[in-house]
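Please have the sequence and the model open while reading.

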Amino acid sequence: MSAVIEGHQDDHHHGPAKGITRWLYTTNHKDIGSLYLWFSFIMLFIGGAMAMVIRAELFEPGSQIVSPEFYNQMVTNHGLIMVFGVIMPAFVGLANWLIPMQIGAPDMALPRLNNLSFWILPAAFGVLLATFFMEGGAPNFGWTFYAPLSTEYAPPTVTYFIFAVHIMGASSIMGSINVITTILNMRAPGMTLMKMPLFVWSWLITAYLLIAVMPVLAGAVTMMLMDIHFGTSFFKAGGGGDPVLFQHIFWFFGHPEVYIMILPAFGIVSHIIETFSRKPIFGYDSMVYAIASIALLSFVVWAHHMFTVGMPIAGELFFMYSTMLIAIPTGVKVFNWLSTMFKGSLTFETPMLFAIAFVALFTIGGLSGLMLAIAPADFQYHDTYFVVAHFHYVLVPGALFSIIAAVYYWLPKWTGYMYDEFMGKTHFWLSFVSVNLTFFPMHFVGLAGMPRRIPDYAMQFADYNMIVSVGAFLFGLSQLLFLYVVLKAIFYGKKATGQVWEGAQGLEWTLDSPPAYHTFETPPNLEAGEAKG
Amino acid sequence: MSSIKKSVSKLFLATVGMFLFGFALVPIYDVFCEITGLNGKVTGPTFSEYEDIGNREIKITFTTTNNNGMPWFFDSDRSQMKVKTGEQNLMSYVFTNTTDKPMIAQAIPSVSPGKGAQYFHKTECFCFEQQYLEPGESISIPLKFVIDPDLPADISSLALGYTLFDITKDQMTKQASN
Ligand code: HEM
Ligand SMILES: [Cu+2]
């Protein structure tokens, strides 16, 4: 059957253009996928360097190497870059590479828009990073940019920050419109919605979330802009506005946003676990419903980030119970992954190791989330390192590990070359140990009362902080090894087969490795026996 | 192809709709606060005559705070008083511009517990107006209020806090942009 596809491609064979213009003008989903992924990789090292500054400052109590002002800029930009510049673009890159190949489409539905969505992203981060060299310094009000810290007390560069957020938002929205349009209109005949690979499902729902909340974020920064420059009082108490309103609007965006950063990971991990368990995913339908219900619930839990602002008791209770409710569909997913592995013929290649670590460590993050969801307990935990521990567990060994797993899993498909398995496993074990060394002790210092976002701390937290810093440096170095493994595969890797992994299911594995520049120009025939992913 | 166009235009409309929804959250929030008394927000001037004044005695505490960096002197005549529900009461506040520049200020009230806010009726209040004071000028302004006899029985005392904001700069930008 794949022979039929390739035979057809030869009819109008044309490869990529040469030189830099290939990348500037490309409308090819594979090129754009690679651009997003490399962009994200570069931003990972920039955001990572900022984390290293933070951990160096916190290595010992006292003011060590940077001023408190610069420390705040580091914390703020580390957060913004990791969220908007690393995790989100990496998922969009994976969507570009994989969705057309997994649904048997020749490309994304809107290829030119796709080019634009990518190229405005480096522009946005160029603007954001340029603020470091401007008067007043870079944004310093935290990635959540609460008013009035980000309005009345902000450095003058806040205007550039607002502009950058607008561009990032536009990029995400255009990308989402593209993803939804592609999935709804361009599936190969016979691929009904309930036969779509889970990665495609997870992205379909993520894209809807993005379209629902990115415009609200755009609204929030627009209101900030107006408060700062046009004398309005959306968030100014003195003019009749309310700073707490900012938090409501921000978290109405912010909580769905954190699920935007995890749903595609659920899709990725499902594929990897079924491949290396050599069993189809357990409970496919329930997986889809779980993702959908997590997405719906994510709209009614936002105030769990603001239990301490002084809500009426009914509000506290509502947001507490609705938040706890999310643990149910999340639990369904975890049990389905475990059931898939149960009695499977397991092998532990690098992608599988990262996927299993994802399941275990993401669950730790989910459990600390449940602790934070208990409103009275959150009065103690709020704004301590316990919260930092929680969201790093869901985002680093959660979202980031899933992206790394995806790169190991699909890299042979994309490039046509295998990575070095020994080096991959070394990368895994170094990352696994150091990520826990970094983030686990944060639970302890958080429970003991160490506040987040401070450049100095009391003596009793010194020992744990030193461990955390050592773990962080090791984790940072391990990611350099990741870069090395990827480059080594591309330049010196062994040739990969089309199937790559013995147990892999899905349309992308019916293609050559690397796939031709244009694939599935005539849709594959699913009735003829191509299984769902 | 046209099905693609249809998807795109629907999604584009959804985007615009959600952008507007973000702004709609502002009035929704205000209405919500008014209903629930969230943040102790107080409504505009109201005047009511009560047939059944209830005759309960309520302790009122008055607090004043200057917002960060606001140099004026700002205080109430007394810090506490006992009042009867349904009766008109009077309290007066002193504002002094202690600087050598003319300034504009605005006092923002908040009642706690928040649940009691909607029963705290102000019939005359400086909080509805901005105060313009010349350097060194000082004024005393009355606040008239009535406590609603419907005040829930479990509330026996209320606190009325004012925070004074310097809005000189905002008024300038507003005038400049008009
Ligand atoms: C079982 C699921 C989860 C529950 C019950 C939960 C609950 C919570 C709660 C209550 C907070 C607020 C803590 C505070 O500020 O006092 C919080 C913070 C946070 N959560 Fe979760 N969470 C869950 C899953 C996730 C996931 C999957 C992600 C992202 C992938 C995530 C990312 C975050 C982030 C980034 C913050 C901190 C935001 C900030 O203040 O900077 N959470 N979570
Ligand atoms: Cu949340």
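## The largest cavity

Seventeen is the count to start from: the largest cavity is lined by 17 residues, and Phe84(A), Met88(A), Pro89(A), Val92(A) and Ser172(A) lie nearest its centre. On a 1 Å grid over the protein atoms alone, a cavity is a set of points where a 1.4 Å probe fits but cannot get out, and lining residues have an atom within 4 Å of a point. The elements giving two or more residues to this lining are α4 (68–103), α6 (158–185) and α7 (198–229) of chain A. Helices are DSSP runs (H or I, at least four residues), numbered from the N terminus. The largest share, 5 residues, comes from α4(A).

## The iron of ligand 1

His390(A) lies in helix α14 (residues 385–415) of chain A. The copper ion (ligand 2) is 4.5 Å from the iron atom.

## Basis of the values

This is a predicted model, where local features need pLDDT of at least 70, side-chain atom pairs count only at pLDDT 80 or more, and totals for chains, interfaces and linings use all residues. Residues are numbered from 1 along each chain as its sequence is written, chains are lettered from A and ligands numbered from 1 in the order in which they are written, and side-chain values use heavy atoms, with hydrogens and water left out.

Technical notes: Donors = N, O, S within 2.8 Å, 3.2 Å for Na, K, Ca; no water. 1 Å grid on protein atoms, 1.4 Å probe; cavity = no way out; pocket = protein on both sides within 12 Å on 5 of 7 lines; lining within 4 Å.
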